[in-house]
There are 2 protein chains.
Amino acid sequence: MTVDVTFEQLARAVAGFPRRTLGALVFPGFQALDLWGPLEVFGDCAPAVRPILIGVEAGPHPSAQGPAAVADFGLQDPVRPDLILVPGGNVADHVGNHSLLQWIRDRSADAELVMSVCNGAELLAAAGVLDGRRATTNKRLFRGIAAAHPRVQWVARARWVEDGRFVTSSGVSAGIDMAFAVVARFAGPMLADALATRIEYERHRDPGWDPFAAAHDLG
Amino acid sequence: MTVDVTFEQLARAVAGFPRRTLGALVFPGFQALDLWGPLEVFGDCAPAVRPILIGVEAGPHPSAQGPAAVADFGLQDPVRPDLILVPGGNVADHVGNHSLLQWIRDRSADAELVMSVCNGAELLAAAGVLDGRRATTNKRLFRGIAAAHPRVQWVARARWVEDGRFVTSSGVSAGIDMAFAVVARFAGPMLADALATRIEYERHRDPGWDPFAAAHDLG
């Protein structure tokens, strides 16, 4: 389905929503599309959503693909985002970073919604905020992550999983579909479809769509 | 189709290819996914591809969505990328930037391949490098861009268009499919499919797939 609306119609619809700050975590080795896919979707909801980047410290953080993104704030800055996004990438270097995990615990307690993409879910799991919750993650890395964090109810076959305030997506590009699902939750599927048409993206609307689980013999 | 290969198999395949530098242009107001979608795809081809960002000057450039990317080099730096990527976004602010257009002309003359995403094609067209060539661009903005640059043979219904060394894609998310098509051109469709599976993306393989042209009454 494609929905065409004018820029003005879209702007009018979006302007009526409450303003929310999206705080996306960045760390050296973040996966490029994990971060910038959802940033595109939420950033296109301006002024309803204002995306900011929160890094281990303020300043440039290189992606796993090389080019760097600039963190607007560091973990010590008094920023309390309404929405939190945790990308994946080379998380092994950060899963033992106590300041980072404490930030995730503290800010998750306040936030309206906490999202992860790919193995960003491992940072949420390491922080303990997914204990007892249903969640998903990258399919290639699924078994190892699930084994390391047995308190989480890992769902193998899912593009994304919503469990209350926690929404976790499968690998890399799945973050884009998750972001649209969140926009649909807040603002309705019509607006999500209109935004998807504007970026010429055919979004997956079914959270159970997941050919990649089968590709990795996860059923 | 999904193809699963181990990281080691993929790394071995990729390591055998010639090394290429991908130089992606950035400017204030670049569209987030136009840039970072292809960066994900090409960056995942390391070490065969090394992505660098080239800005109006070196340093941070805010995206249209807010967060900033860091240009590794400026237009004056002596960098000659093998592959060039020009994202879209708020190009109206830059289409009159003579240094930028001259850089596009000079570097396109040397490059093995020149790509654009979305209305990044307008910068290529303004630089004159698409004269007489087939090309496509964002569908919502198509009519205006085509009217302003009549020397280009604009193709309305296309996910991407390959004309020799110039490959132009449709709006925003289309850049990801174009990037995979370029990887397939250099390294074969099997490797492109394997990389797509790793980022859990179902790529469009048909350059004529374009429901968004019809959505904008472009046939």
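# Briefing: a two-chain predicted model

Pro47(B) sits in the loop between helix H2 (32-43) and strand S2 (49-55) of chain B. Helices (H or I, at least four residues) and strands (E, at least two) are DSSP runs, numbered from the N terminus. This is a predicted model, in which local features need pLDDT of at least 70 and side-chain atom pairs count only at pLDDT 80 or more, while totals for chains, interfaces and linings use all residues. Residues are numbered from 1 along each chain as its sequence is written, chains are lettered from A and ligands numbered from 1 in the order in which they are written, and side-chain values use heavy atoms, with hydrogens and water left out.

**How the two chains relate**

- Chain A superposes on chain B by a rotation of 180° with 0.0 Å of shift along the axis, at an RMSD of 0.0 Å. This is the relation of a two-fold axis.
- In chain A, Ala69(A) has the C-alpha nearest the axis, 2.2 Å from it.
- The superposition is by least squares on the C-alpha atoms of residues with pLDDT of at least 70 in both copies.
- The copies meet through the same surface, because 100% of the interface residues of chain A are also interface residues in chain B. Contact means heavy atoms within 4.5 Å.

**The sheet shared by both chains**

- Four strands form an open sheet in the order S3(A)-S4(A)-S4(B)-S3(B), with antiparallel pairing. Two strands pair if DSSP finds at least two bridges between them.
- Strand S3 (59-62) of chain A and strand S3 (59-62) of chain B are the edge strands, and each pairs on one side only.
- On average, neighbouring strands of this sheet are turned by 40° against each other, direction ignored. The axes are lines fitted to C-alpha atoms, for helices over the stretch in contact, and angles run from 0 to 180 degrees between N-to-C directions.
- Strand S4 (residues 68-71) of chain A and strand S4 (residues 68-71) of chain B run antiparallel, joined by three bridges.
- Ala69(A) has Ala69(B) as its bridge partner in S4(B).

- Helix H6 (residues 174-187) of chain A has 14 residues. From first C-alpha to last, H6(A) reaches 20 Å, close to the 20 Å expected at 1.5 Å a residue. The expected span is 1.5 Å times one less than the number of residues.
- H6(A) is mostly covered, with eleven of its 14 residues buried. Buried means under 20% relative accessible area, exposed over 50%, partly exposed in between (1.4 Å probe, protein chains only).
- The buried residues of H6(A) include Ile176(A), Met178(A), Phe180(A) and Val183(A).
- Gly188(A) follows H6(A) and has a positive phi, near 95°.
- Helix H7 (residues 189-198) of chain A is also mostly covered, with eight of its ten residues buried. Among them are Asp193(A), Thr197(A) and Arg198(A).
- Glu200(A) follows H7(A), and its phi is positive, near 55°.

**Backbone exceptions**

- Most residues other than glycine have a negative phi, and most peptide bonds are trans.
- Ala46(A) and Pro47(A) are joined by a cis peptide bond, with omega about 5°. In chain B, the bond from Ala46(B) to Pro47(B) is cis, with omega near 5°.
- Asp217(A), not a glycine, has a positive phi of about 55°. Its place is in the segment after helix H8 (211-215) of chain A. Asp217(A) counts as exposed, at 63% relative accessibility.
- Cys118(B) has a positive phi near 60°. The residue lies in the loop between strand S7 (113-116) and helix H4 (120-127) of chain B. Cys118(B) counts as buried, at 5% relative accessibility.
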